[in-house]
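The structure is shown first.

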Amino acid sequence: MSPASPWSRTPVALLCALPGLVQVSARAQEGDLAERLYQSGERAYATKAYQEALDTWSQLLQAAPKSEFAPRALLALARHQVEVEHKPEAAMPYLDRLKGDYLRAPEAADGLLLRGTLLARQARRAADLKDAMAEFNRVIDLFPEAPAVPEARFRLGRAWRDQGQWGRALHQFVEAFVVRPDAAIAPRAMLEAAETLDLLGDLPGCLRLLQQLRTAAPRSPEAQEAAWRLAVRVKHRLQKPPLANEGVWPAGRVKWLKTPTLLATAADGDLLIYQNGLDRAFRFHQGELTPAGAGAPGAKAMVAAPAGEVWLLAKTGLLREQVAAPMPLGGLSAISGAALDRWGALWVADAKTPALTVFSPDGTSRPVASPTANALAPLPTGGLVIAADADRKLLFLDADGQPRTVVPYGKDLPATFRYVVALASDGAGQVAALVEGGDFGEGVVIFGPQGAVLRQATFKSLGISGRITSLAMDHAGGLILCDRRNDLLYRLN
Amino acid sequence: MRIRRFLPFLFLLGLGLGAQDATVKDTFLQAKALWATQGDREGATARFEQVVGVLAPRAATLDPAWSQVLCESYNWLAVLDDRHAQTKPRAQGRLQALIDLDPDFEVDRTLTSQRLTTLFDRLKAEKYAPVKFSYSPEGGTLSVDGRPGPPLGRRFLPFGSHKLAYSRPGYASVELSLDLASGEGRTADFKLTRVSSTVTLYVQPSGAEVLVDGRSLGRTKGQAGAEAAALAVPLGLRPEDLSEAFVISELAAGPHQLELRAPCHRTKVLEMEANLATPWADHTLEPIRLDDSKGTLSVGSAWPGGELFLSGQSQGPLPVAQLPVCSGPYDLLVRFPAGGFSKRITVEEGKALTVDARPKPRLAFLGLEGETDFTGRARLLSLLEGLGDRLQQVAFLPARPGEAPREALARVKASREAELILLATPVPAKVVHQVELLVATLEGEEERLLVKPLEEDPLGALAARLNAVPALHEPGLGLSLLEVPGEPGPWVLSASEAAQKAGLQVGKALTQADGKPLPSIQALRRVLEGARGSVALSQGGAAVTLPVQTEALEIPLGASNLCYPAVLAHLRLLYAGAKGDEANLIRLNLGLGLMHFRKYDKAIEQLRDARLSTVSGVSQGTLDYHTGLCFLRLGSAYQAEATQAFRQALKYPQATLLGPDGPLVGPLARQALEDLK
């Protein structure tokens with residue numbers, strides 16, 4: 001065999017190419033292993049063998065960190081911490097690594113979205129939303145065609161709305177459903193866009209969009225929500241029929257409660273009733289009363305908290321279902337109303353304190369300058385409405401507690417009243433006040449989001465006599481009143 | 001000189017005999033006259049030779065009348081050649097040609113000399129033997145060695161073995177074998193036995209299909225001869241108006257149903273009573289006339305340059321008005337310079353059908369990329385080839401056999417014979433589990449769809465998306481309606497000025513439409529879809545009639561049920577045939593389609609020069625808002641243009657996105673301007 005022979009050149013060429021071939025082969029093996037590990041983890045996860053799945057995915061991250069399955073594993077691990085373990089803080093390291101090491105991977109879009117969502121959840125004030133919004137914007141800018149984009153826009157819209165930037169919020173909500181009309185988030189985006197239009201003063205636009213939502217996604221939960229939101233707006237703000245007493249509600253049920261003193265409407269539309277005689281609250285659902293919340297003798301305020309919880313405020317403090325010990329309320333002794341804001345802070349009004357007190361989720365409190373409030377109800381803007389009997393004014397406050405609209409008692413009414421006993425709101429911007437005193441006397445007044453009187457009636461004209469202590473606005477445009485003297489409810493329509 | 005005289009005949013020979021019947025006949029008669037009246041032997045000979053020159057090469061296929069002309073020409077030539085010493089030797093050849101052509105031909109003894117006649121008989125006897133025939137009954141068909149012919153009383157047949165058969169409808173055929181040798185004459189007697197009745201038909205038109213009890217027996221043909229005169233004349237027809245006799249034989253006992261079908265004619269069904277079948281006899285029915293069955297077809301199009309084809313036959317350029325067309329189904333095709341329109345139509349007798357042809361985009365399937373073999377490849381390829389059967393909105397052009405996808409792409413790009421292309425590419429893996437389907441416009445907008453070759457219907461999603469064409473309009477009444485609980489029907493949130501002037505009240509529910517209860521918006525939508533011009537609405541009192549308007553819509557973006565390259569191709573074709581606001585609405589939607597592909601610069605080209613005269617709903621403000629968005633997405637370099645566009649949009653406070661009830665453009669444009677500050 002001569003040196004020039006091709007038989008001698010082949011081994012030389014092979015030797016030269018060997019490192020490359022070995023590298024390619026090793027990469028292929030790593031990819032193969034990563035795929036099998038990922039699928040093994042998926043199989044285990046599907047059978048709820050979570051630990052096995054987490055171990056397998058962690059092994060994948062160690063064994064094949066450069067494979068395309070590594071970012072998938074990180075995202076799966078993060079989602080598990082959020083959705084199953086309910087430990088968002090434990091998901092963050094995975095999401096940080098996904099963002100830091102795999103920003104070019106398609107999974108990074110979902111990772112950034114999840115990271116932003118968790119950051120937004122952690123926010124306790126508007127300024128805290130900056131990092132979350134940055135993540136949502138990254139999804140939109142870096143992955144414009146990703147399926148995560150509509151949700152990123154939706155969450156960005158929510159963040160703008162929480163900052164009172166309704167125009168910017170509307171833009172993002174509209175983009176979310178216009179750019180991807182069949183995305184899962186589209187009905188929610190339409191609902192939020194409609195609500196934002198109302199905040200911007202475009203009631204017809206709001207109503208049209210609510211109707212469009214009902215047409216576009218008739219079976220979605222958002223369509224159900226849109227139905228009542230549309231109905232109450234039309235009834236209270238456009239049709240404005242005179243309030244009529246439908247009588248005892250539910251029909252024929254008298255003396256069925258024990259001293260009902262507080263009412264509230266849960267997010268799902270159920271009525272919450274606090275019965276002073278039984279020292280606890282009840283949920284009224286399809287004609288049945290079921291206990292809700294912790295026992296609380298002498299409760300002065302009731303809050304329908306997220307996730308269906310009922311919070312009661314009494315002299316002993318704030319009583320929550322999941323927490324055994326009451327949270328002290330800093331010596332507030334004449335609580336006249338309470339509401340939870342978007343950040344989870346509890347705003348409490350006290351008839352003897354010339355300020356509102358805001359309790360953070362961590363238990364700390366701060367006063368917010370305000371006239372003494374005799375009643376309080378939340379607004380969909382993130383703010384509150386309070387009644388200041390001393391000043392004879394209703395104050396519509398923004399999310400920072402600053403008054404945006406002031407409505408003198410009796411404005412646009414045939415006669416003035418002196419006191420507001422209770423306030424209620426319906427989540428669509430309308431506020432109902434239970435009033436007494438003055439020439440108006442006992443009765444109810446329904447106000448629009450800007451404080452205009454929409455509907456009103458005196459109990460005398462409605463033929464109601466009793467000791468009415470609280471009211472709630474239902475999802476069909478009616479008002480429920482509780483009569484502690486006669487142990488029953490009335491419905492006005 | 002001689003060649004020049006033959007040139008017209010050579011030309012005619014090239015065209016075929018049918019085109020020269022009259023000329024040949026004329027030449028034949030001239031030849032006879034030249035000899036009879038002028039004694040011009042040479043002139044007559046030349047003309048008979050011309051006739052022979054034309055007819056002799058086709059002797060085997062000549063019909064009996066022309067065969068007779070050829071035979072007579074040979075006879076004449078033999079006689080004329082025999083009259084001159086120089087040409088006399090050729091006479092025998094003429095006679096031999098005559099015998100070879102038709103041994104049964106008898107020379108004209110008044111014309112032919114005794115010597116030539118004797119020569120003729122001698123030549124014939126060298127090869128042929130006479131056979132005498134008798135037939136019972138007469139009027140049948142005699143076949144000699146499988147060749148059918150008239151039942152002559154005497155025939156000259158070549159020496160050797162022959163198979164003879166005599167047949168007649170309604171009778172059992174009889175066959176005989178004959179061995180013929182020189183110098184001997186033979187006889188053949190045929191006596192047939194009756195086996196069934198026969199029914200003879202003459203049908204107008206010729207070419208009708210004849211069915212008995214649903215079974216096709218063939219088609220009528222030709223023209224009837226003089227024998228049908230007695231039947232045709234009383235009906236005001238000439239015999240040649242009818243087909244040749246069509247004989248139905250082997251008619252089983254009992255009644256039968258006779259059905260006659262012919263294109264462009266109404267099918268006729270006749271009941272044949274049992275006495276036609278038994279006792280056995282020959283029946284002739286009165287001539288049967290099938291009535292014409294025609295409708296008219298008008299095809300028009302707003303798009304220029306269309307050519308109409310009906311079942312493959314060109315009917316000329318559009319518009320085609322009141323074209324008489326035989327009733328029946330047709331594949332209607334209109335070819336446009338870009339795009340095509342096809343529709344299966346049925347023209348009904350006496351009715352006018354009008355078709356408005358709108359070109360559809362053409363999708364050229366380029367093929368399956370690469371040679372990678374994988375499980376399901378053949379099945380997927382077959383499904384792809386058959387995709388056209390599933391598409392209603394796109395005309396499908398299958399791949400050309402043997403053409404590589406790259407070559408196909410180059411061909412389609414060069415010829416512009418399609419607006420869309422489809423390419424399938426296997427996704428490489430250890431096992432091919434996925435195939436990528438690429439749909440793209442020739443302008444470069446593309447979408448990719450991954451399918452699994454082994455799934456039940458890998459092309460279902462693609463076909464559905466290609467068939468989905470978003471609407472650009474919806475019928476409306478200028479009303480915004482809500483469904484409010486407790487209201488008897490759709491509640492009027494707002495109404496156009498015209499609707500309010502007509503008496504419609506805002507803030508009140510509609511209860512009836514066109515006299516029928518109206519429980520929901522959905523019900524009103526159905527009424528509008530079927531409405532012609534206007535709808536009468538009631539709100540509990542007197543009805544208010546409102547005209548149905550077309551309200552502009554935007555195409556949805558990012559919808560998973562749409563194939564956006566196909567949507568763009570549709571819009572581009574639509575634009576070619578549109579004018580005014582319609583054209584500008586299409587441009588708006590073309591812009592949206594390009595925005596879907598993030599081609600903001602191209603979108604601006606469509607949007608900025610479009611002008612809509614409408615100011616509410618999807619209108620000029622919508623156009624301006626999208627123009628602003630496009631400039632915004634092109635980056636800070638176009639900030640001034642974006643600002644200007646959003647400012648323009650603010651001039652139309654009633655402009656909306658999506659449709660007439662979509663979000664107002666105003667707040668969005670205002671916010672965009674705020675953000676641009």
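## A four-stranded sheet in chain B

In this predicted model, four strands of chain B make up an open sheet with the order 3-2-5-7 and antiparallel pairing. Strand 3 (147-149) and strand 7 (174-180) of chain B are the edge strands, each having a single partner strand, so one side of each has no neighbour in the sheet. From one strand to the next, the twist averages 25°. Strands (E, at least two residues) and helices (H or I, at least four) are DSSP runs numbered from the N terminus, and two strands pair if DSSP finds at least two bridges between them. Angles are taken between axes, which are lines fitted to C-alpha atoms (for helices over the stretch in contact), and run from 0 to 180 degrees between N-to-C directions.

Within this sheet, strand 2 (residues 141-144) and strand 5 (residues 160-167) of chain B run antiparallel and are joined by four bridges. B:Leu142 is opposite B:Tyr166 of strand 5 of chain B.

## A three-stranded sheet in chain A

Chain A has an open sheet of three strands in the order 6-7-8, paired antiparallel. Its edges are strand 6 (301-304) and strand 8 (317-319) of chain A; each has a single partner strand, so one side of each lacks a neighbour in the sheet. On average, neighbouring strands of this sheet are turned by 20° against each other, direction ignored.

Three bridges link strand 7 (residues 310-314) of chain A to strand 8 of chain A in the antiparallel sense. A:Leu313 has A:Leu318 of strand 8 of chain A opposite.

## The setting of B:Val439

B:Val439 is part of strand 29 (residues 435-441) of chain B. This residue counts as buried because it has 23 C-beta neighbours inside 10 Å. The classes are buried for 20 or more other C-beta atoms within 10 Å of the residue's own, exposed for 12 or fewer, and partly exposed in between, with C-beta atoms placed from the backbone.

Beyond four places in sequence, the contacts of B:Val439 include B:Leu420, B:Glu446, B:Cys563 and B:Ala566; a contact requires C-beta atoms, placed from the backbone, within 7 Å. B:Leu422 is another contact of B:Val439; the two are 17 residues apart in sequence, with their C-alpha atoms 4.7 Å apart.

## Overall form of chain B

Chain B contains 18 helices and 38 strands. Its radius of gyration is 40 Å, well over the 26 Å from the globule rule for 677 residues, so chain B is more spread out than a compact globule. The radius is taken over C-alpha atoms, and the rule is 2.2 Å times the number of residues to the power 0.38. The C-alpha trace of chain B spans about 125 × 65 × 60 Å along its principal axes. Of the 677 residues in chain B, 34% are buried.

## Contact between the chains

In the interface, 25 residues of chain B are in contact with 27 residues of chain A. Strand 32 (479-482), strand 33 (491-495) and helix 18 (665-676) of chain B each supply at least two residues on the chain B side. Helix 18 of chain B gives the largest share, five residues.

## Confidence and conventions

The mean pLDDT of chain B is 91, and 97% of the residues score at least 70; pLDDT is the predictor's confidence in each residue, from 0 to 100. The complex has an ipTM of 0.87 and a pTM of 0.72 from the predictor.

Residues are numbered from 1 along each chain as its sequence is written, and chains are lettered from A and ligands numbered from 1 in the order in which they are written. As this is a predicted model, local features need pLDDT of at least 70 and side-chain atom pairs count only at pLDDT 80 or more, while totals for chains, interfaces and linings use all residues.

Key: Contact = placed C-beta atoms within 7 Å.
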